[in-house]
Amino acid sequence: MRSSDAHRLCGGGKGTVVRRRKELWPLEQLHQGVYGLEARPISRLARARAGAGAGAGAVTVVVTVVVALSLLAPSPALAGRSVTITGGGWGHGIGMSQYGAYWRAKQGAGPGQILKHYYTGTDITPAPMPHRLRVGLLPAYGSALTSISFGSSARKAASSGGVAVKVTGSHRALATGSSGDHWRIEASPTGGMRVYKNDHKVKVGGSTVFGGPRRPVYVVYQKHGSLVHLDQKNNDYAYGRMKIETYPTSTCSTGYCERLVLKIPMEKYVYGLGEVPSSWPQAALQTQAIAGRTYAFRKVTSSGQHRYPCDCAVYDSTIDQAYIGDAKRTGSGAYWAAWKHAVDATAGKVITYHGAPIDALYSSSSGGHTENNENVWGGSPVPYLRGVSDKADKAGGANPNFKWSTTMSWADLSSRLNSYFGDGTLQRFKLEQPFGVSGRVTVVKSPDRGGAKIVGSTRTVRASGWAVRAALGLKDTLFRVSVSYTVAASLKPQYERLSGAPGHATGPAHAVPRHTGRRLGKAQGFEVGRMTHNRAAGKTVWQHGHVLHRYNILGREKGVLGMPLSSVWGPGAYKGATYDNGIILASRATGAHSIRGKFLAAYRRAGGPKGKLELPLLDRHDSAALPGGGELQRFGQGTIYHQPRAAKAHALWGPIDERYRKLGMAGSACGYPLSSIAKTSTGAAATFQHGTMSRTQSRHVEVRCS
């Protein structure tokens, strides 16, 4: 059940369901190497089918900390593809990052500085705490329970481990026990409870059923210095008083279910929060103590202490916060005093915005940037839950979830999405922009904006990033998806000789030229370029970069160049590749251009890229200065010209080409060139339709055309 506050944050709209507010830390860590530093949430998100969740307001897209946008192409088969999901962070990314707070404290920041960084425009303010906080221990969220069992043990040497079981309104105990005794309390069909001590039914004045929905049974142990060990939680509790209540419901076979509520002072509750290691810097511990106290205090002030079905203010799990009782003390070891001091030093302090306690959301890791609340769960923007830069979340390399990745097959991806969304066999999957200020996948903002688009054989689904996170079991909504395909058998030998340099295949192999009925070979796209097997030549080549880009523009195998005959060659100032009908040359200065047919023959006669012409500046094209449909191609130091229907194209360069172009090229008195430039005893010359042009050694050009 959502609290009213959760309903407000999420907009309360149809199809928007949030069942867990936070993804937090594990049970207390880092005690003599028992736990280590890795964040591992103690429970996973209950599936929140938030498929829509519209959010208001514009979202600014910034440079993200993860890899490029994913667009998974359709294919009839599920086999032969693997899916890599890369991301950052652990949790929801709203509010404070615990790893970020840790590192900021390590760098000398105080709790006030840390909290004000993550919660925009807030203050740290003392507030009167409730006399007792109601903490829901059992049942777990959404479950049903008809029996609760526990034992007791001595916490102090002088203690007997005493426990007393009473009914509300009566000072007399139903039964008492000491260390080693075991208790079980069961709901009866009348709404009362039966009490068992060491498997023997407790009987008082002839009655074996006690209390009822309005008269809970409660367990007293703190004043005896005892610990109560709750079997269903496998946790010990030292503070407070436990109340076991029944409530009518059809969920349980007796007609009544049981719940267990711990009534405990606020500071003792904060003692038992298992959110961060007690070995962390004192400023980080005080930061966490204030945030944890604020979260619980806000629940009391906004939702009261009788949420259904727990009849509590907060659950003890990551639905709210991880309250682990005495395990915090025992798990902290020598650091228990540090955590206790952090709680005591901040007693009664909460985070406020304009004087009111805030919804102090936090998570283990932000992945480098926190997120605006409306982008994660929808609803209206909350002014203090704005996304902020959080490079400290990397924690100097100590945060294992700052960056993460997971791999699965396409079939597994399809199965997980279908199990959650019922879309059938997956055909396409796309993350829709805009992303959040942190780069997170957002709620669905409109039919074509935000969230994810899942196209299946059964139906098309628009889902929020939070819903996709739940469906795929991801750590956060800060993620991107890429797909790699199996390398085709005909390409694999060359792929292995290249040591996998093309990267992962990004699509299935296919016959080329496409959609022509001819099968001249096979091609496949990769992260870096494209590989093609030329069947006639018996070659497999790899094209990439500017060369491949130009080949694509020219129509690939169906274009003027035909099938590729070589991989990209030419390390140094330029690169190139050879094709059935020409070549492509590319450099940073000149771009990539093709040379083909008679132009290529003339280019080779002129010495190629190392000759007088140098690299091409344009592909060949017609010009108004070339009457009758002639063509030319410009190079770094000259031009090749072709007269319509002539057997050859001819190259001019240097001063002769410059003068020829100034005269108007073939539209001048000289007409088309009939030869390329050739050396003479006095310099160089070229023959034209209506004369000659010559160059002396002093670079003077003489024109003899009529």
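Biologist: What makes E4 and strand E18 (residues 349-353) a pair?

Modeller: Two strands pair if DSSP finds at least two bridges between them, and E4 and E18 have 4 bridges in the antiparallel sense. So they count as paired. One example: Thr 125 has Val 350 in E18 as its bridge partner. Strands here are DSSP runs of at least two residues (E), and helices are runs of at least four (H or I), numbered from the N terminus. Keep in mind that this is a predicted model, where local features need pLDDT of at least 70, side-chain atom pairs count only at pLDDT 80 or more, and totals for chains, interfaces and linings use all residues. Residues are numbered from 1 along each chain as its sequence is written, and side-chain values use heavy atoms, leaving out hydrogens and water.

Biologist: Why do strand E4 (123-126) and strand E19 (356-357) stand at the edges?

Modeller: The open sheet runs E4-E18-E19, with antiparallel pairing. E4 and E19 each have a single partner strand, so one side of each lacks a neighbour in the sheet.

Biologist: Why is Ala 291 called buried?

Modeller: Buried means under 20% relative accessible area (exposed is over 50%, partly exposed in between, with a 1.4 Å probe and protein chains only). Ala 291 has 0%, so it's buried.

Biologist: And what does Ala 291 touch, not counting residues up to four places away in sequence?

Modeller: Contact means heavy atoms within 4.5 Å. Ala 291, found in helix H5 (residues 282-303), touches Met 96, Leu 115, Gln 321, Ile 351, Ala 360 and Tyr 362.
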